[in-house]
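Keep the viewer at hand as you read.

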Amino acid sequence: MLISCTGINKFYASNHVLRSISLTVENQDRIGLVGDNGCGKSTFLRILTEQELPDAFEHDEPAIAKAPHLRIGYLAQNAGLDGSKTVQEEMTDAFAPLLAAKETMRQLEEKMIGGSLTPDETDEYSRLAAYFEANDGYTTDVRIRTVLFGMGFSAADFNRTVSGFSGGEKTRLALCKLLLEQPDLLILDEPTNHLDFQTVGWLEEYLKGWRGALLIVSHDRFFLDRLCTSVCELERGVLTRYKGNYTAFTVLRAEARERQQKEYEAQQKEIAKLEDYVARNKVRASTAKAAKSREKQLEKIERIERPYAAAKTAKLQFTYSLTPPVDLLEVKNIDLTVGSGSSRKTLSENLSFTVRRGDKIGIIGENGAGKSTLLKVLRNILPHKGVVRWAAGTRLGCFEQESESLNPYATVFDELHSRYPALSDFEVRSLLGQVRLTGENVFKETGVISGGERAKLCFAILMMEHGNVLLLDEPTNHLDLATKEILEQALCDFDGTILFVSHDRYLLERVADSLMILENGTLERFQGRFSAYQEQIRRKTESEQAAAAEEKQRKQEEIRKNNYRSKEQRSQDAKRRAEQKRIEQEIDSLQAEQNAIQESLCDPETAGDYEKMHTLCGRLEEIRSRQDALLDELILLEE
């Protein structure tokens, strides 16, 4: 058992968000946590990670038990990185205990050289040396570079400050840091938000081999299906666990609800029958005793709760009154840049394209390619070169991926009312009810509601804008599955023009009739559905791989024909192989000597001999330096 919680309750005002929740996570568990927006998933994760405290309720005594020395890694929706630090500094923080041990060892080595090391300090040095070696302390820089490169970052990103990255890049950085920390329990809250297709695929493959346990909140059905071995549903504050992946969960939940409905109806019939008998016979002297018996029987019945009926769904409809011309947008030679001053970076130059009325265009590309920047340029809220010319009669409706335009201190009700003061209180409440923001939620500040609830508020505002052109930046992020499907249908029904950035495979396939692909500073247009584009990429990749294999085979044939044409060439090749073998043997010999020295350093007798310790540490550094030099020589020979 890694972690176990029982009797977890949580209240917000009069809303009982979590009701007597219990959950046990074992090593190697792969748990998906699902539920509607605002049901308390993120709250439950914060309680598990002790960022919030549960509330006492009736006879429940909240308790969270953890395995000794349990390490939990938590990827929250807001990434949780320090924006003022560089990437290198953030990643190095993942090794804080190792670096602290290294610094202490350095201080003890200085005392060792001076001959003032006490026996206790000698033991401490031996312990730290063993800990440092066991946790690969000498390879921290290599591990940092390996993970960052694997997640798509370059060496040029290492000294950039975190605040300068996009939302998706920050999520990847936070994930890199967690992977370097290697926690026993990895908790991910919407990990696929802002990630491009390539990174999502990489993350799925990597987490398949994760050695610890996983607890994942996600609305990505593909992601949950590929990773989870059980799914926990949070519904009306109650947590229910089902075995299997997401597909199995939907089947099991439907069966459970059907079974509960039948049991509930049968019990209600029995209760009605008993109540009717009591009502008719309680006043008669001859039957009063039997009626009393039926009454006691009623009291003992353990009532089956009425099955949960699906909540009312949101109603989204985007309308406009003014129809723009057919030739809607002309873009000529624009550039996409981020940052300012000396940190200004150009992502793309001289991009040109046109948009016609009724086009529904999905904008795709890797994180940091400039997709969100492009939308901001089209809205003329970023300075740029080139021309962006909208036709007369164009009215824009905009959705921002991080809800930047919302006032975090205004309530949901006030935020909408302040934008449209002509609306009555009843009309504001009705509009919010349309997107399923009801009850006390409308009086919460926008800064404390969930990401999905903020998105719904933005959709309410978007409907009131009555734009004949919709510019949407990751509109499905943070939405539950039901609301995603409703949004997809509303966008399909909209007969105006849509340009939207998304990594949602379902949304792109259903809504976009063409694509803009931002890649390597260029923009490519593709006429067709997302599935057709994927098929084209697949065929292109297979063709390139086949061509590469053919070229490789051709070169190998050419090498075999020309490699040994002269005695001089054969002699040179023989010398090269001999030198390679000599270097490999020396590397093996040095590795054996290094292993012997490390074992000796942990020996109490050696630890008490200050001069010997100093000599061995010096030799260890010489060995590492020589190994690096030999590896460089070996690489040059192979090239």
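## The second largest pocket

Let us begin with an open space. The second largest pocket of this predicted model has a volume of about 810 Å³. Its lining is made up of 29 residues, and those nearest the centre are F132, G137, Y138, E621 and R624. Sorted by class, the lining of this pocket holds 13 nonpolar, six polar and 10 charged residues.

Which helices each supply at least two residues of this lining? They are α3 (96-114), α4 (119-134), α5 (140-150), α18 (567-601) and α20 (610-638). Helix α20 gives the most to the lining of the second largest pocket, with seven residues.

## The enclosed spaces

As a reminder, rolling a probe the size of a water molecule over the atoms shows where empty space is left. How many cavities of 30 Å³ or more does the count come to? The count is two, and the largest cavity has a volume of about 300 Å³.

The lining of the largest cavity consists of 25 residues, with T192, D220, K484, H503 and D504 lying nearest its centre. By class, this lining has nine charged, nine polar and seven nonpolar residues. Four helices, α7 (197-208), α8 (221-227), α15 (481-493) and α16 (505-511), each supply at least two residues of the lining. Helix α15 gives the most to the lining of the largest cavity, with three residues.

Strand β7 covers residues 213-217, and five of its five residues are buried. In a regular strand the side chains alternate between the two faces of the sheet. Here A213, L215 and V217 point one way from β7, while L214 and I216 point the other way, and all are buried.

Strand β3 (residues 30-34) runs parallel to β7 and is joined to β7 by four bridges, with R30 opposite L214. Strand β6 (residues 185-189) also pairs with β7 in the parallel sense, over five bridges, and in that pairing I187 stands opposite L215.

## A three-stranded open sheet

Another sheet is open, with three strands in the order β2-β1-β4 and antiparallel pairing. Strands β2 (15-25) and β4 (63-66) stand at the edges with a single partner strand each, so one side of each has no neighbour in the sheet. On average, neighbouring strands of this sheet are turned by 20° against each other, direction ignored.

Strand β1 (residues 3-12) pairs with β4 over four bridges in the antiparallel sense, and I3 of that pairing stands opposite K66 in β4. Helix α1 (residues 41-48) lies across β1, β2 and β4, and runs at about 125° to β1.

## Helix α11 and what follows

Helix α11 is mostly covered, with six of its eight residues buried. These buried residues are K371, T373, L374, L375, V377 and L378. Is T373 buried or exposed? Its relative accessibility is 12%, below the 20% cut-off, so T373 counts as buried. T373 belongs to helix α11 (residues 371-378). Leaving aside neighbours within four places in sequence, T373 is in contact with L336, T337, V338, L347 and L382.

Just after α11, N380 takes a positive phi of about 60°. H384 is partly exposed, because its relative accessible area is 24%. Not counting residues up to four places away in sequence, H384 touches I334, D335 and V377, and V377 is one of the buried residues of α11. The C-alpha atoms of H384 and N333 are 9.7 Å apart, although 51 residues separate H384 and N333 along the chain.

## Helix α12 and its cover

In α12 (residues 412-419), the buried residues are V412, F413, E415, L416 and H417. What covers the buried residues of α12? The cover includes two helices, α13 (425-434) and α14 (451-465).

Terms used
Residues numbered from 1 in each chain as written. Predicted model: local features only at pLDDT ≥ 70, side-chain atom pairs only at ≥ 80, totals over all residues. Heavy atoms only, no water. 1 Å grid on protein atoms, 1.4 Å probe; cavity = no way out; pocket = protein on both sides within 12 Å on 5 of 7 lines; lining within 4 Å. Points joined across faces, edges and corners; volume = space filled by probe spheres on them. Nonpolar A, V, L, I, M, F, W, Y, C, P; charged D, E, K, R; others polar. Buried < 20%, exposed > 50% of the residue type's maximum accessible area, 1.4 Å probe, protein only. Pairing = 2+ DSSP bridges. Axes fitted to C-alpha atoms, helices over the stretch in contact; angles between N-to-C directions. Contact = heavy atoms within 4.5 Å.
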